[in-house]
Amino acid sequence: MNILFLMYPWDKIDPETDSTLRLIHECVSRNHTVAIATPHNLTMRDSVSSAFCQVFKKSDVVTANIVSFYKKAEFQKSQLPLAGFDTIIMRANPPLDPITLNFLDSVRDDVFIMNDIDGLRIANTKLYTASFDDPTNHFIPVTHVSKTTEYLVDVLKESKSDKMIMKPLDGYGGHGVILVEKSAHKSFQSLLEFYINSGKGGNYVILQEYVEGADAGDVRIMMLNGEPVGAMKRVPASNDVRSNIHAGGSVIKHVLTKNEKALCKHIGPKLVRDGLYFVGIDVINEKLIEVNVQSPGGIMRINKLNNVKLQKKVIDFVESVVNAKEALAQRKHEFRKAINDAHII
Ligand SMILES: Nc1ncnc2c1ncn2[C@@H]1O[C@H](COP(=O)(O)OP(=O)(O)O)[C@@H](O)[C@H]1O
Ligand SMILES: [Mg+2]
């Protein structure tokens, strides 16, 4: 297979922990032709979408040690047409650049893009998490989203609980996630104005039910083709409300509970329908907090905690999709040939 990873720059990778590197290593080990490029490397040549790529040089043996694989990797630089790849694996970090998706639009019928570009568009903000059908808030915490300060002030005032979570609609990595308490209502208006007005045109803000138990940690579940394939628990530092590893959280082993499995079953079909084949969901106390669709991380830590290699499952899945597409194209070719050979006059 010809595989392109559209991702952050190679030299920004931390080889000890990086999930994309584990996926790349798996593909190179399987002797696929593997190229990497950043969204900045996309270009159009004579109306053909292409990318300035770095292609891994092939070698007879690929070291099993991922850190030394990273250090020793050698590339050949080449401008390559996107439609020549069997799959493009999207691993760029948020925020999502709509122009990247425009480049990919023209090749979407030729290439299996994971995750699908429409899915990436739909799930680009935390509104997506609130869009799963759950009228009784069994799986999804009560969520309010607005740019209207007075409305959000009222929401906090009328809240049954004396604390809520406030966060930007399009944040990531725990940035701007704070706990707001009713007792601090005198500062709330000013805080909201700051959150809402700090961007051009104003930012949407989420005010969400505080899910009890968050201080004990959240669960990251990796979903592949609509099903859970691995999980871990992230515990926040004692001085923080956020469990994100980048915000100082640490990880421990986690086995999915019955309700967490039910949650995965509830959301899995929609994820697949939306072309979100490989995502990381954040779950607190069996409630869905976030669906991470761009470059979800956690592979290395889940591998280590459970002595597995998640990257194998992911690449098995990609291969199965590409092979099925290939078989379909082959059949079409044969049927076309049958008609041509029938010498219809
Ligand atoms: N409703 C909530 N209740 C309790 N804790 C929350 C809630 N929402 C977010 N958090 C905490 O903040 C962290 C980051 O929030 P999240 O919505 O996942 O945003 P980000 O995209 O920044 O990771 C979560 O992992 C969790 O620890
Ligand atoms: Mg998160």
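Student: What makes the pairing of a polar side-chain atom of Lys 126 with an oxygen atom of ligand 1 a polar contact?

Tutor: A polar contact is a pair of N or O atoms within 3.5 Å. The Lys 126 atom lies 2.8 Å from the ligand oxygen, so the pair meets that cut-off. The model is predicted, so local features need pLDDT of at least 70 and side-chain atom pairs pLDDT 80 or more, while totals for chains, interfaces and linings use all residues. Side-chain values use heavy atoms, without hydrogens and water; residues are numbered from 1 along each chain, with chains lettered from A and ligands numbered from 1 as written.

Student: How do you know that the backbone takes part as well?

Tutor: A backbone N or O atom of Gly 174 lies 2.5 Å from an oxygen atom of ligand 1, and for Gly 173 the corresponding distance is 3.3 Å. Of the 540 Å² of accessible area that ligand 1 has on its own (Shrake-Rupley method, 1.4 Å probe), the protein covers 99%.

Student: Why is the space taken by ligand 1 called a cavity?

Tutor: On a 1 Å grid over the protein atoms alone, a cavity is a set of points where a 1.4 Å probe fits but cannot get out. The space that ligand 1 takes is the largest cavity.

Student: Why is ligand 1 said to lie between domain 2 and domain 3?

Tutor: Domain 2 (142-209) and domain 3 (215-309), with bounds from an automatic or database assignment, both contribute residues to its shell, and ligand 1 therefore lies between them.

Definitions and conventions:
A polar contact is a pair of N or O atoms within 3.5 Å; within protein, one must be able to donate a hydrogen and the other to accept it, and residues adjacent in sequence count only if both atoms are side-chain atoms. On a 1 Å grid over the protein atoms alone, a cavity is a set of points where a 1.4 Å probe fits but cannot get out, and a pocket is an open set with protein on both sides within 12 Å along at least five of seven lines; lining residues have an atom within 4 Å of a point. A molecule sits in a cavity or pocket if more than half of its atoms lie within 2 Å of its grid points.
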